[in-house]
Amino acid sequence: MRLSGSSERQKCFLELSDGSRFDGELIGAPLQASGELVFTTGMVGYSEAMTDPSYFGQILVFTYPLIGNYGIPSLPKGLSWPIQRGFESNRVNTSAVILAIDSEEAFHWNSFQTLDTWLKEQGVPGIVGLDTRHLVHLVRQTANLLGQVTPEKSEGERSYGEFSTAVKKNGGFFDPGAYEIIREVSSKERVVIGKGSKRIGLVDCGVKWNIVRQLVEHGCEVEILPWDTDFSKVDVSGWLLSNGPGDPKKTGDLVKRVSGLLKDSRPILGICLGHQILALAAGAETKRMAYGHRSHNQPVYQVGTRKGCITSQNHGYVVDESTLPPEWEAWFRNANDQENEGIKHKTKPFRSVQFHPEAAGGPRDTGWIIEQFVTEVKS
Amino acid sequence: MPMRPELASLGRAPKIVLLGSGGLSIGQAGEFDYSGSQAAKALLEEGCEVIIINPNIATVQTNPQPNVKIYLYPVEPEWVEKVIAKEKPDAIVAGFGGQTALNCVIALHHQGVLNAHNVLNLGTSIATLEMTEDRDLFAKKMREINIPVPASFAVTTYKDAEKAAAEIGYPVIVRAAYALGGLGSGFANNKTELEVLVTTALASSPQVLVEKSLKGWKEVEYEVMRDSENNIITICNMENFDPLGIHTGDSIVVCPSQTLSDDEYQLLRNAAQKIVGACGVIGECNVQYTLDPRSHDYFVIEINARLSRSSALASKASGYPIAYVAAKVVLGYDLLELKNPVTGITFAYFEPALDYVTLKVPRWDLVKFKNASRKLGSTMKSVGEVMGIGRSFPEAVQKSIRMVTENGQGLSYFKNDNVADEDLIEALQNPTDTRFYAVLNALHKGWDIERIHKLTSIDKWFLARVQEITSTERTISLLAAKEAVTATDDQFVTQFLGNVDTKTLGRWKILGFSDEQIAAIALAEFDRKQNRLKGPLSENRVQKASHVVRNIRKKAGILPVVKKIDTTAGEYPSPSNYLYMSYVGLFHDPMVDDGKKPVIVLGSGAYRIGTSVEFDWCAVSSSRKLQDEGYRSVIVNCNPETVSTDYNSSDRLYFEEMTLERILDISDLEKPIGIIACMGGQLPNKLALPLASAGIKLLGHSEQTIDMAENRSAFSALLDTLGIDQPNWVAATSKKDIDTFIEKIGFPVLVRPSYVLSGAAMRVAYDRDSLDKFLAVAIDLSSDHPVVISEFLMGAREIELDGIARDGEILTAIVSEHVENAGVHSGDATMVVPAQKLYVDTVRQVRRAGHLIAKGLKLNGPFNIQFLAKQNHIKVIECNARAARSFPFVSKVVGLNLADAATDVIMGLEPKLFRFNEDDLPHVGVKAPMFSFTRLSGADPVLGVEMASTGEVGCIGPTFEEALLLSLEAAKCRRPKKGVLVSAGPEHEKLKFLECAKFFRDINLPIYATAGTAKFLELHGIEVKKLDWPGESNRDVMSAIKNGLVDLVINVPKNIQRQELSYGSQIRQAAARFGCSLITNMELAVAFATALARLPDFVKTHDVVALPNYKTL
């Protein structure tokens, strides 16, 4: 919210599916936007979160009240090595953002523009001046709380890519859970990046760039595969099933194709949505959580040890550990609610984690998981 | 892992020694009462028996309680060893008692004491502690694990310096080793500059350090905890507002960091994990970094493998009970099995998410120390701190400035448009305790952020936030200036705000402007329009007008909301009772209604000279008593170093400003049955009357009582009616008043301005000359600000009466006596209970006068009355209708918790009092002041009517002598072993010293003296070694001190208030700097010498005793 100075910002309001309405001010593009209301309690990493494809279709509430303090770096157009840090894809994926106070100027050496100008450039609206803590309470109390952001002088609707027409036709709130949104965030073509002795097939369900960065940094050649790729036509030494948005069951025949990979013995690592898909492919079940994990401070521990890791998470679905087939076992659990955070095959090199070992933003305690995977691929 | 097997297998409660940090001094203050109290609680919860060694009698930690034994002994190896020998503990915990405790446990380890007594050191190992304390070892360790440390080379020639600089890369900083006060230090940008610097430095010092210059780099800290399973968490990080170069204790500290990107945050977090993991820290650790503001380059500066001031701050800023969890971790538990007590449902293994910003601002009291340098640098100088919590950065800034200055007008009060550019540049470039105000005034002057950044290196983001405040202040001024002049203040403010829309007024509140501040800005314009604006507006006038602002904004619905600090930013429902208020938000966090009657207890605010941990003890005692009696105790305080701001100390904690406005806001929400303002010292006491006028019920003393006790004339008139004598005084409003008074009374006189806090700006004038000089420089004589001049009695005893009265009847009162004669501020005096040298009849007169005053003032609660006595004639100095500094000392020595009993009286309950007689006590208690002169270069370490001590200690012993020696040692006045240097000042002091001299001779302690004193002693047959005055020869007193010939200096100034740098002052400063014990009062010197002579083999013969529990009925 603009705290000093005389010029005023346009009014903008948030309507929620529970009927409540909150008035604030617009930053970013003067467009209407809709989606599932979620939050993150991370205190840094706003540009990483906003570009994270897992947030596609979601309106992201930042609980930290001061956002944009260190500005936004210069966003690269395409994906080429080295990949500019600070971004997890080449666009803002959140439908909209909600925060208390944005920084109207940025002085960080790595800053290229302010949050406001970036949002404008990206065609994404944001509301400032709302009681974000109160919104968190509402999100916690209401399952699948949807919202719509409307600037007073709206100049149209934010684009949702290939779902734009569907959203327009249905009217009302955009519920990303109702669609196969993986289509929108996955790469449209196969791309190879990095150089190395081994090639990893990265199944792009909405992959975060830091997964690519880490694989390449560990000396791999990475082939980014659209989510609907026919895996039988791909020759790689290992598979990484990436993170992504939405319900793991709304991913077409991806689960079926992944179960095909399980007949083989090439290493597989699943991350977040990729973890849920691997679990489904293995024959386990996933369920919607009462309280999603949406922060940079989620404690998990390796099952059977007293060793914990602090992880970055953003998910509303979880693998039901009780449905794991006998050849699989729990690898990680959440220390707070004991929900599953990772699984592994008892004999084959198949593993997956619910949290984000690639971090960005958030703690990097579990980066070793990707490193371990690469080692397995290379051996 | 559960408790360590060595402890778990004992088959009984493990007995654990917990070391405290001793008396409060600069750099080691109240935060260790907080850490120590939490640690004790955690150890008790795990079924341990706890033995606390800490001479700081005013702490909550040293409260007797079940399964805890309190030893009020110096935290020194020989005394800790004696306690160990007696108690036979299983383990010792040193990580919660600051550097003092750490040094002690390292010494005990090396002396073999821990091994000999089979005592396990819990927490971080001794080897690791030593490694982290040793610059070279630490740097080596860091290089091993590829953590960058700033390059540093010690060189002895210019050639080597040049080589070193080439390797490090320019700019470099050159530091002369072994030179005090940064002499011969500077920055070199190239070879030429280096040559000049190094040759100069080498002229005075054999060795020069050439280091990488990190001027202008950011300073960032991480608070990390590691358990025995190598689980590591970052509780939070903190970023200094000021760049590297100012001690973090003297820096404005922001939590969490505001200008770091995710990459930078995680880079330093990862490094912290690597460091504590590689060092093998168990428990809490603080990691300090410096970060390049232009790249990802960083260096680790140092780590502190213990609870620290920063960890206490981090604990309050994040809500994570660091010390409590760390105590369980050192017992062996891992973080995954410990619950997070703030949520009750999540675990200790997680990292707090904050959804607010906190700002720690130090409180310096440098003006209270004569001649002290006000420059800030690598030596910490602040005596206290506050923490402001907000959801906008300006809100946190403005709150914390109001908190630290105790001024409701906040930043606006410090606006000064008349600073010359050169002065401003100087103030910005060379930081002192007022630099923040220089930043503010530069912005007020319209200087741009770039210019201020160049001069200060303060991050532009921070400057931009402060600019939001100054530009808005300008807007408010301009708007007010447009208003027409009205008849009254209230009308003007009403008219002005009538033309401000709700949204704009709301923004001002979000930017942290207080009602008083808005009123003050408007009234300044009001006065300016009438050409009558002269200096700051009077507090009363602004406070009155602030009610207009308050009413208007309340009508407009502009109200602060209450938010919880719950460590999870609302991700989990939390029963947290840790609260703050903000204008950034619309909804109060949901609170459970416990159905209890709320009572608000006001805490002490920032620690400062005169207000310290003792008032926290009072407030905490009172709050816990209220809880026991079934009330909802609601604490308001803003000092992160306190136990009262531990969420365990009350039912609801408002970590908030102690201003009229905020307390009224809290009252509006809590609807308390009343407020207790008499437990937190001067600040709440000052708020009592305005609160009462605003309709808040004062519990305890009535407004009339407080008013009469505070109002000198009214109190004096009361004494006259009661027939109680008092020193003659006059409230002079003109030179003529003063002259008339002096004619009648003569010299010396005590001079003080109208409002006095801990003796600030008080002076004794011995003659016309010094009186005139003082009046000319320090006092603006006017009818608004009268100067109180009173008779100053020489050679009088000073007596205090601490007690509790109900409806004008004293229920209990304890007499204590100062060791020093009157003239030493009561906060700096050595105090003894029971009184040792008073006539029985003097005590009777004191008690009699006490009863009369209690009746006259209708005292109804805690009180303290101060008396002078000379030849069995008493005079009353003052009466405080509130709990006093001496309450915890007196309470613990006599075994009666005065704060508890006072709370009963305040609440109209029957206090559990027992009849006792001080004469029946099995021990004597002595309280001694703790000074911090070693950190205050330039300050004259001398006692006077102005308080200068930063803390106190209190010990008990079977005799006065034993208690005195213990408490003096605990206050760093050690038993001399080498020699004593005396300069006894005036003749009558020399006479008094004769007695001492004989005692020193008896214990074979060589006596050194300056010319006059030496001659005098020789005349009286005392063998003495004569030393020359400073600089007269190479056998001067300074070299004797420097070369360690003496370890005790007795230096009694001729004239208490002389300010110039005399020989005496040089000697005293040298004594403080070179670690000699220093005594500047002859009565104390005599008592000390007597005790030394009577107890020749003190440590061996003294039988350590624990503080008895509070007596119960």
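This is a predicted model: local features need pLDDT of at least 70, side-chain atom pairs count only at pLDDT 80 or more; totals for chains, interfaces and linings use all residues.
On the α14(B) side the contact consists of B:Ile425, B:Leu428 and B:Gln429, which meet B:Ile452, B:Leu455 and B:Thr456 of α16(B). By class, 4 of these residues are nonpolar, 2 are polar and none is charged. The spacing of such residues along a helix follows a general rule: an α-helix has 3.6 residues a turn, so residues three or four places apart point the same way.

Helix α17 (residues 460-481) and helix α20 (residues 515-529) of chain B have axes that come within 8 Å and cross at roughly 45 degrees. These two helices, α17(B) and α20(B), are therefore oblique to each other as well, and their crossing is right-handed. From α17(B) the contact draws on B:Glu473, B:Ile476, B:Ser477, B:Ala480 and B:Ala481, while α20(B) contributes B:Ile518, B:Ile521, B:Ala522 and B:Glu525. This contact has 6 nonpolar residues, 1 polar residue and 2 charged residues.

Further along chain B lies helix α24 (residues 682-693), in which B:Gln682, B:Leu683, B:Pro684, B:Asn685, B:Leu687, B:Ala688, B:Pro690 and B:Leu691 are buried. The elements of chain B that cover these buried residues include the helices α21 (539-555), α23 (660-670) and α25 (703-710), together with the strands β19 (598-602) and β22 (674-676). After α24(B) comes B:Gly695, whose phi is positive, near 95 degrees.

Attention now turns to chain A. Its domain assignment gives domain 1 (11-179) and domain 2 (183-378), and the C-alpha centres of the two domains lie 25 Å apart. Across the boundary between them, 29 residues of domain 1 of chain A are in contact with 29 residues of domain 2 of chain A. On the domain 1 side, β3 (33-40) and α1 (46-51) of chain A each supply at least two residues, and the largest share, 3 residues, comes from β3(A). The residues on this side of domain 1 of chain A divide into 14 nonpolar, 10 polar and 5 charged.

Chain A also meets chain B, with 42 residues of chain A in contact with 54 residues of chain B. Among the elements of chain A, α3 (132-141), β15 (285-302) and β16 (308-320) each supply at least two residues of the side that touches chain B. That side of chain A comprises 19 nonpolar, 15 polar and 8 charged residues.

A:Glu321 is placed in the loop between β16 and β17 (328-334) of chain A. Leaving aside its neighbours within four places in sequence, A:Glu321 is in contact with A:Ala330 and A:Asn340. A:Glu321 and A:Thr286 are 35 residues apart in sequence, yet their C-alpha atoms are 8.6 Å apart in space.

Notes:
Residues are numbered from 1 along each chain as its sequence is written. Chains are lettered from A and ligands numbered from 1 in the order in which they are written. Two residues are in contact if their C-beta atoms, placed from the backbone, lie within 7 Å. Helices (H or I, at least four residues) and strands (E, at least two) are DSSP runs, numbered from the N terminus. Ala, Val, Leu, Ile, Met, Phe, Trp, Tyr, Cys and Pro count as nonpolar, Asp, Glu, Lys and Arg as charged, and the others, Gly among them, as polar. A residue is buried if 20 or more other C-beta atoms lie within 10 Å of its own, exposed if 12 or fewer, and partly exposed in between; C-beta atoms are placed from the backbone. Axes are lines fitted to C-alpha atoms, for helices over the stretch in contact, and angles run from 0 to 180 degrees between N-to-C directions. Angles under 35 degrees count as roughly parallel, over 145 as roughly antiparallel, 65 to 115 as roughly perpendicular and the rest as oblique. A crossing is left-handed if the near helix is turned anticlockwise from the far one by less than a right angle, and right-handed if clockwise. Domain bounds come from an automatic or database domain assignment.
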